[in-house]
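Here is a brief report on one helix and on the salt bridges of this model.

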Amino acid sequence: MAAQKINEAHEHIAKAEKCLKTSLTKWKPDFDSAASEYAKAAVCFKNAKQYEQAKDAYLKEAEYHTENKTLFHAAKAIEQAGMMMKEQKKMPEAIQYIEKACMMYMENGTPDTAAMALDRAGKLIEPINLEKAVDLYQKAAGVFENEDRLRQAVELLGKASRLLVRLKRLDEAAVALQKEKNMYKEIENFPMCFKKTTAQVLIHLHRGDYVAADKCVRESYSLPGYSGSEDCVAMETLLQGYDEQDEDQVYRVCNSPLLKYMDNDYAKLAISLRVPGGGGKKKKAAAPQGGAGGAPAPAEEEDDYEGGLC
């Protein structure tokens with residue numbers, strides 16, 4: 001089966017080369033037909049799992065689409081070349097091709113396609129390079145924002161913010177979250193503004209900046225429905241406990257369902273939060289039924305952010 005597909009691919013390449021030849025009666029190469037034949041060859045190579053040859057065929061297709069001034073199709077072919085690199089586990093090269101395709105989508109006047117490709121690239125690279133994924137998600141968000149597609153933009157910004165927290169780049173995460181919150185306010189999704197305020201407070205307290213955390217809550221009072229909401233009361237209680245160095249109060253808020261069931265990166269910030277000078281890990285206050293062999297408190301399960309962030 002594979003051998004048959006490879007033979008088919010070479011037949012398509014031969015046809016493509018014939019399309020490019022000129023003669024006394026054919027003055028111009030037929031770039032459109034050549035690109036079509038290389039596209040068919042690429043699919044044959046891909047089906048035969050000959051990914052390097054498929055990549056080369058896609059790049060040839062792109063070359064002739066460019067000659068034919070059909071940039072959108074050229075960009076698609078380059079993006080497919082990137083996917084062939086992905087199949088070979090050559091992720092940096094895959095991302096380079098996809099980014100190049102995105103530039104061509106932009107030049108062609110199809111920014112939505114560019115943004116979606118950047119998002120796909122972010123998902124591909126995220127398992128091995130969080131920094132690059134942040135960059136790609138932010139670029140994609142920027143493209144959507146320029147097109148006034150704020151719902152799509154804010155979703156991608158959210159991905160970037162969570163990864164910045166995971167990377168412990170908390171100053172940048174705080175800035176990204178403020179931008180998210182502003183966008184949610186603009187599209188009048190106020191419940192999401194409440195959640196972003198909670199995430200902001202956790203980040204600022206991990207940065208050791210109580211003033212900034214308190215300011216986030218105060219500014220949110222102007223949001224419809226925030227004052228007196230569950231989110232608001234929780235943050236007021238958390239800030240009071242943090243300010244008064246009341247470990248029990250901070251522990252109760254940070255281990256409440258409201259915070260524990262946030263996105264995982266923010267939930268980890270919550271369960272690892274310590275009050276200044278609070279010392280060791282929090283013991284469960286009233287757990288006589290658990291005894292010495294009881295299950296550990298959630299705060300003891302994972303502590304990725306302990307040490308140096310507060």
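Which residues of helix α13 (residues 247-254) are buried? They are Gln249, Val250, Tyr251, Val253 and Cys254. Buried means under 20% relative accessible area, exposed over 50%, and partly exposed in between (1.4 Å probe, protein chains only). Helices are DSSP runs (H or I, at least four residues), numbered from the N terminus.

This is a predicted model: local features need pLDDT of at least 70, side-chain atom pairs count only at pLDDT 80 or more, and totals for chains, interfaces and linings use all residues. Residues are numbered from 1 along each chain as its sequence is written, and side-chain values use heavy atoms, with hydrogens and water left out.

The buried residues of α13 pack against α12 (230-243), α14 (257-260) and α15 (264-271). Contact here means heavy atoms within 4.5 Å. At the start of α13, the backbone nitrogen of Asp248 has a side-chain oxygen of Asp246 within 3.2 Å.

**Salt bridges**

The structure holds 24 salt bridges. Each is a side-chain nitrogen of Lys or Arg within 4 Å of a carboxyl oxygen of Asp or Glu.

| Pair | N to O distance |
|---|---|
| Arg120 and Glu79 | 2.6 Å |
| Arg149 and Asp112 | 2.0 Å |
| Arg207 and Asp209 | 3.7 Å |

Arg120 forms a salt bridge with Glu79. Arg120 lies in helix α6 (residues 111-125) and Glu79 in helix α4 (residues 71-87), so the pair ties together parts 41 residues apart in sequence. Glu79 is buried at 5% relative accessible area, whereas Arg120 is partly exposed at 38%.

Arg207 is partly exposed at 32%, and Asp209 is partly exposed at 25%. Elsewhere, salt bridges with shared partners join Glu52, Lys55, Asp56 and Lys90 into one network.

Methods: Helices (H or I, at least four residues) and strands (E, at least two) are DSSP runs, numbered from the N terminus. A polar contact is a pair of N or O atoms within 3.5 Å; within protein, one must be able to donate a hydrogen and the other to accept it, and residues adjacent in sequence count only if both atoms are side-chain atoms.
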